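I want to jot down what I look up, one topic at a time.

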Amino acid sequence: MIAFVDEASVTSCEGRAYAGITPVINVPLGKVQMTIVAIVIPCYGVLYSFIDNSCKGPQYAQFLKDAISFIRK
């Protein structure tokens with residue numbers, strides 16, 4: 001089974017917008033308000049999780065474990 005994992009963050013912007021959704025790689029982690037981690041499985045659907053602040057290794061690993069457990073059911 002092929003799956004694609006992606007993450008984006010909701011940040012506090014200093015520009016015209018109140019908040020913006022940007023790829024995590026382009027933002028300092030101090031500005032991250034919320035992280036959205038998603039796994040896209042073709043012909044199946046999308047599983048996603050909202051995480052407060054920036055997503056670190058343990059939260060990312062827990063999301064992957066939960067997604068694999070859900071797929072196996």
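This is a predicted model: local features need pLDDT of at least 70, side-chain atom pairs count only at pLDDT 80 or more; totals for chains, interfaces and linings use all residues.

**Overall layout.** I read along the sequence and got the pattern β-β-β-β-α for the protein chain. That is one helix and four strands. Residues are numbered from 1 along each chain as its sequence is written, and side-chain values use heavy atoms, with hydrogens and water left out.

I looked up how much of the chain is buried, and buried residues make up 25% of the 73 residues. Buried means under 20% relative accessible area, exposed means over 50%, and partly exposed is in between (1.4 Å probe, protein chains only). The chain exposes about 5,500 Å², and carbon and sulfur atoms supply 60% of that. These areas come from the Shrake-Rupley method with a 1.4 Å probe, and for residues only the protein chains shown count as cover.

I also checked contacts, meaning heavy atoms within 4.5 Å. Among those with a separation of 6 or more, 38% are between residues 24 or more positions apart.

**Leu47.** I found Leu47 in strand 4. Is Leu47 buried or exposed? Leu47 counts as buried because its relative accessibility is 16%. Not counting residues up to four places away in sequence, Leu47 touches Val37, Ala38, Ile39, Ile41, Phe63, Ala67, Phe70 and Ile71.

**The nonpolar patch.** Next I turned to the surface, where Ile2, Phe4, Val40, Val46, Tyr48 and Phe50 form a nonpolar patch with about 650 Å² of accessible area together. Patches are made of residues with over 30% relative accessible area and no salt bridge; like charges are joined within 9 Å, nonpolar side chains (Val, Leu, Ile, Met, Phe, Trp, Tyr) within 5 Å. A salt bridge is a side-chain nitrogen of Lys or Arg within 4 Å of a carboxyl oxygen of Asp or Glu. Which element gives the most to the patch? Strand 4 does, with three residues. Ile2 sits in the segment before strand 1 (4–12), and Ile2 is exposed because its relative accessible area is 59%.

I then went to the loop between strand 4 (45–52) and helix 1 (57–72), where I found Ser54. Ser54 has a relative accessible area of 8%, so I put Ser54 down as buried. Leaving aside its neighbours within four places in sequence, Ser54 is in contact with Leu29, Val32 and Thr35.

Asn53 is in the loop between strand 4 and helix 1 too. I noted Asn53 as partly exposed at 47% relative accessibility. Its phi is positive, about 60°, although Asn53 is not a glycine. Most residues other than glycine have a negative phi.

**Cysteines.** Cys43 is in the loop between strand 3 (32–41) and strand 4, and its phi is near 65°, again a positive value in a residue other than glycine. Cys43 counts as exposed at 88% relative accessibility, whereas Cys55 is buried at 18%. How many disulfides does the structure hold? I got zero, a disulfide being a pair of cysteine sulfur atoms within 2.5 Å.

Technical notes: Helices (H or I, at least four residues) and strands (E, at least two) are DSSP runs, numbered from the N terminus.
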